[in-house]
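Here is a brisk report on one protein structure. Look at the sequence and the 3D view, then read on.

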Amino acid sequence: MAEVEELEKKQTGELTDESEEEDSEEEPKLKYERLSNGVTEILQNDAASCMTIHDKFLALGTHFGKVFLLDIQGNATQKYEVSSVKINQISLDESGENVGICSEDGKVQVFGLYTREGFHESFDCPIKVVSLHPQFSRSNCKQFVTGGNKLLLYERNWLNRWKTLVLHEGEGTITNVKWRANLIAWANNLGVKIYDFSAKQRITNVLRDNVSLRPDMYPCSLCWKDDTTLIVGWGTSIKICAVRERNSAEMRDLPNRYVEIVSAFETEFFICGLAPLADQLVTLFFVQEHMDQMDEEVRARPRLDIIQPLPESCDEISSDALSVRFYQDNECRDYRLEHSEGESLFYIISPKDIVVAKERDQDDHIDWLLEKKKYEEALMAAEISFKNIKRHDVQKIGMAYINHLVENGDYDTAARKCQKVLGKNMELWENEVYRFKTIGQLKAISQYLPRGDLRLRPAIYEMILHEFLKTDYEGFATLIREWPGELYNNMAIVQAVNDHLKRDPTNSTLLTTLAELYTYDQRYDRALEIYLRLRHKDVYQLIHKHNLFSSIEDKIVLLMEFDKEKAVDMLLDNEDKISIDKVVVELDGRHELLHVYLHKLFKRDHHKGQKYHERQIGLYAEYDRPNLLPFLRDSTHCPLEKALEICQQRNFVEETVFLLSRMGNCRRALQMIMEELEDVDKAIEFAKEQDDAELWEDLICYSIDKPPFITGLLNNIGTHVDPILLIKRISEGMEIPNLRDSLVKILHDYNLQ
């Protein structure tokens with residue numbers, strides 16, 4: 001249970017911070033302050049007995065018979081001397097222009113605040129309650145009710161006279177009444193009744209549960225949640241009553257409305273007041289604590305709880321103990337809870353103190369987060385509500401968060417938050433950089449420094465680069481890659497890198513970084529020299545980006561040795577800058593590299609490098625035989641005799657077969673397939689392609705004494721040659737694999753023919 005902190009502690013010595021759960025992680029739902037100013041002086045000499053709330057002002061009744069009109073800050077604007085004894089109840093209509101007052105000595109006054117005209121009467125018994133028609137200011141709604149030992153309805157007629165009607169009597173003193181729209185609810189000793197003013201009939205009777213409690217000591221609390229929902233609190237019992245329309249078929253002699261109790265549950269303490277808060281309830285409790293030593297109960301601080309009603313129970317949302325003045329002297333009947341519907345303000349009234357509770361807003365939420373050192377959440381909340389919070393307040397929160405992170409050694413998170421918190425404030429940025437330098441954490445903040453349109457002085461960036469250069473070459477290189485070169489003095493950093501290279505001349509990280517610095521400084525030749533020396537992948541990007549082709553004419557071999565594929569693609573893409581002939585000259589003597597270049601050239605265009613096709617035959621034969629046959633097929637500029645000579649020298653049978661057939665010597669080509677490749681399928685395929693009867697005859701003659709060849713011919717010859725010619729030549733008794741299947745296929749093919 002959260003404890004309300006000292007309410008304006010400077011005003012009183014009675015309030016002490018006795019929080020039972022100071023370190024609770026649960027955020028309070030409400031915040032509190034005393035209603036002070038004029039109220040303080042009034043309650044020093046008198047005591048509050050009742051109060052009612054309007055959106056524009058407050059009306060306070062006292063034990064000495066006075067009624068004060070107060071502004072929202074508690075300043076008295078009007079005073080009425082109504083009686084010499086306790087004011088029991090004050091009622092205002094919705095317009096706030098008319099007031100009803102009743103007192104313990106039987107006086108009832110109903111009048112206009114600006115006219116003083118109205119009803120003034122004294123009765124021979126205490127009048128406990130009064131309630132105006134909500135629309136009393138309208139001429140046709142001049143009605144009000146009073147309650148003492150009976151409930152009376154007063155209505156002004158057209159003659160400007162007041163006529164009375166007894167709505168109820170005979171069940172003891174009327175202790176509470178609430179009028180909402182056309183429904184009047186009241187409580188007496190036995191229970192709660194509701195009267196339908198429009199139908200002129202009573203519609204329900206909600207009995208009191210705990211009849212052992214004195215109704216004058218533990219009075220009933222009534223509150224309308226809306227025009228048809230009444231909340232009843234009595235003793236430790238709460239009931240929520242919904243007024244329903246009765247089905248016309250069920251009417252008979254029954255009222256046209258009825259009441260359904262939608263929620264009923266018991267509470268731990270005695271109820272002093274109720275108020276709605278959306279779908280929840282704000283409940284004021286009178287609390288007594290048992291003292292074991294003395295075996296008696298003492299009055300404790302009242303509690304203001306927010307609860308969520310359920311059909312037969314409730315869930316506690318929050319609970320606050322209120323340190324009101326002189327709570328030890330108060331009884332249950334001394335407390336009241338009133339609320340302002342428009343602003344969700346709740347007034348806790350006790351004889352010597354009035355406390356105002358209100359829902360906590362975003363600023364309160366942020367303050368609580370800061371108090372609990374939940375800086376990340378506080379910063380997020382402040383940014384969400386940025387429109388309502390000044391920028392310096394957001395920065396103040398953010399700086400508190402950064403300080404907290406630094407104190408706890410979480411330097412990376414602190415540095416990361418600088419981006420969000422410091423924003424465009426360059427002075428704050430530089431202060432934070434120097435702070436991080438002082439604690440030896442420049443590296444932590446380096447990656448979060450401004451580097452766009454808004455930037456710090458170059459000296460700040462150079463200070464960080466020098467720090468990295470001393471201790472972390474990789475980190476230094478990362479910053480050079482990520483930071484725009486205009487952030488710092490490039491020449492100064494180049495000089496610093498060269499100084500380090502004197503001590504470590506082969507350090508690839510420093511050399512690469514130096515090349516990047518030269519590139520930014522437009523000294524591309526120096527950068528290219530370093531990249532080639534390091535065989536760095538960015539060399540090709542550098543050449544393309546800065547059109548350095550004139551600088552690489554004598555470095556083609558180096559580029560090819562580094563990455564043949566990238567180098568060739570670059571050269572072919574830019575042959576207008578470096579000609580084919582120039583590349584061939586440069587690669588002369590490096591045959592394998594030359595082959596890679598000419599092969600890719602041929603793949604792109606079969607004719608561009610035609611004068612090198614004869615040379616390519618030998619290159620393919622030496623370095624890339626799988627692509628030799630495709631080259632021979634696709635090239636129309638290749639000398640066939642030269643190609644045949646090379647292929648025969650190297651015993652490249654397939655290539656030789658192709659060249660022989662291309663040169664018209666098909667019988668020799670078929671002979672090579674049969675004798676050297678011994679591949680019947682390829683031989684048959686070759687014969688099919690040529691479609692020459694002499695070739696088929698040569699194939700049959702060669703195959704006639706070779707059973708596997710005969711099987712192949714039987715399976716494939718049927719659609720090209722009369723199979724009888726083959727079958728007649730097969731020797732008697734020769735065993736031929738899969739002969740039956742082959743003959744079936746021949747017959748099938750023959751039938752198709």
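## A histidine and its contacts

His 500 touches Leu 469, Tyr 473 and Leu 510, leaving aside residues up to four places away in sequence. Contact means heavy atoms within 4.5 Å. His 500 is part of helix α10 (residues 490-503). Helices (H or I, at least four residues) and strands (E, at least two) are DSSP runs, numbered from the N terminus. His 500 counts as buried because its relative accessibility is 14%. Buried means under 20% relative accessible area, exposed over 50%, and partly exposed in between (1.4 Å probe, protein chains only).

## Model and confidence

This is a predicted model, in which local features need pLDDT of at least 70, side-chain atom pairs count only at pLDDT 80 or more, and totals for chains, interfaces and linings use all residues. Residues are numbered from 1 along each chain as its sequence is written, and side-chain values use heavy atoms, with hydrogens and water left out.

The pLDDT (the predictor's confidence in each residue, from 0 to 100) averages 85 over the chain, and 89% of the residues score at least 70. Residues 1-22 have a pLDDT below 50; this stretch has 46 contacts in the model beyond near neighbours in sequence. Where pLDDT is low, the predicted coordinates should not be read in detail.

## Strand β21 and its partners

Strand β21 (residues 237-245) is largely enclosed by the rest of the structure, because seven of its nine residues are buried. Strand β20 (residues 229-234) pairs with β21 in the antiparallel sense over six bridges. Two strands pair if DSSP finds at least two bridges between them. Ile 231 has Ile 240 of β21 as its bridge partner. β20 and β21 form a hairpin with two residues between them. In the turn, Gly 235 has a positive phi of about 65 degrees.

β21 also runs antiparallel to strand β22 (residues 257-266), joined by nine bridges. Here Lys 239 has Ala 264 of β22 as its bridge partner.

## Aromatic pairs

How many aromatic pairs does a search of the whole structure find? The search finds 15. Rings of Phe, Tyr and Trp (its six-membered ring) pair if their centres lie within 6.5 Å; planes under 30 degrees apart count as stacked, over 60 as edge-to-face and the rest as tilted.

The rings of Tyr 218 and Phe 270 are tilted, because their planes stand at 45 degrees, with centres 4.7 Å apart. Tyr 218 sits in the loop between β18 (201-207) and β19 (221-226), and Phe 270 in strand β23 (residues 270-277), 52 residues apart.
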